Amino acid sequence: MKTNIKNYQNTIEKIKKTKEIIDFSMQLALSIKSGSIKPEHICKQVNMDNKRMIDRDWTKSETDLKDDFAITAKIAITSYAIIMLKESYAALHSNSHGIAWANKEDNPDLYSAQKILQVVRNALGHMKSIPDTLEAKAYWNFRDSKDEDLFEIKQIEVVLDTRILDGQEFSWNQLGGLNNFLKVLDFLEQDLQNRLKSCLIEKR
């Protein structure tokens, strides 16, 4: 019981931290697009060779360059946070802790939320490099036929249809935007908060 309580608390904190990091990445992307933050500013902070950081296709317009850099920054930051969160969440639901993953028939909303976290993590964890560039892009990568389905969380009105996405380039728009993913994290956090509360009541 004591171990479960601690694991619940740790995973809840990681969900909160992941949401903070994603929010930071969104603010950073907006600042880059507006020109408030430029690649050379980041170079100065990390003491990096300016040419390495801002090596881009200079045939593009300044607006396109800002957009490219903003997207790259946001994907890099959110990818790291989500990959770390998913590993922690999966460990919480391992056999050693006796906490089962949700069943589609018994709890379709929680099942869909867990599957969305899982497939998004798998997409972001399998980025492919773009030939002749220093960039990489994420692609949907489904290892299991159960990953290709219509995942709907009715309580928060979030839907992800993965049935035609395998092998396609990943985009938050396919989930209705990054804000929808934050809603999924809120949903998962609330589920863990409820489980934690039950554990604490049983402990009394």
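Colleague: Where does Glu-157 lie?
Modeller: Glu-157 lies in the loop between β3 (150-153) and β4 (158-161). Helices (H or I, at least four residues) and strands (E, at least two) are DSSP runs, numbered from the N terminus. This is a predicted model, in which local features need pLDDT of at least 70 and side-chain atom pairs count only at pLDDT 80 or more, while totals for chains, interfaces and linings use all residues. Residues are numbered from 1 along each chain as its sequence is written, and side-chain values use heavy atoms, with hydrogens and water left out.

Colleague: Is Glu-157 buried or exposed?
Modeller: Glu-157 is exposed, at a relative accessible area of 69%. Buried means under 20% relative accessible area, exposed means over 50%, and partly exposed is in between (1.4 Å probe, protein chains only).

Colleague: What is its phi?
Modeller: Glu-157 has a positive phi of about 55°, although it is not a glycine.

Colleague: Zooming out, how many helices and strands does the chain have?
Modeller: The chain has six helices and four strands. From the N terminus on, the order is α-α-α-α-α-β-β-β-β-α.

Colleague: And what share of the residues counts as buried?
Modeller: Of the chain's 204 residues, 41% count as buried.

Colleague: New topic. At what angle do α5 and α6 cross?
Modeller: The axes of α5 (residues 108-124) and α6 (residues 178-203) cross at roughly 125° and come within 10 Å. That makes α5 oblique to α6. Axes are lines fitted to C-alpha atoms, for helices over the stretch in contact, and angles run from 0 to 180 degrees between N-to-C directions. Under 35 degrees counts as roughly parallel, over 145 as roughly antiparallel, 65 to 115 as roughly perpendicular, and the rest as oblique.

Colleague: Which residues in α5 and α6 meet?
Modeller: On the α5 side they include Leu-110, Ala-113 and Leu-117. On the α6 side, Phe-181, Phe-187 and Arg-195 are among them. The residues of this contact divide into nine nonpolar, one polar and three charged. Ala, Val, Leu, Ile, Met, Phe, Trp, Tyr, Cys and Pro count as nonpolar, Asp, Glu, Lys and Arg as charged, and the others, Gly among them, as polar.

Colleague: What about Ala-81, which helix is it in?
Modeller: Ala-81 lies in helix α4 (residues 62-92). Ala-81 counts as buried, at 3% relative accessibility.

Colleague: What is Ala-81 in contact with, leaving aside neighbours within four places in sequence?
Modeller: Ala-81 is then in contact with Thr-18 and Ile-21, where contact means heavy atoms within 4.5 Å. Ala-81 and Thr-18 are 63 residues apart in sequence, but 5.4 Å apart in space, C-alpha to C-alpha.

Colleague: Last one, where is Met-127?
Modeller: Met-127 is in strand β1 (residues 127-129). Met-127 counts as partly exposed, at 34% relative accessibility. The C-alpha atoms of Met-127 and Tyr-139 are separated by 6.2 Å, and the two are twelve residues apart along the chain.
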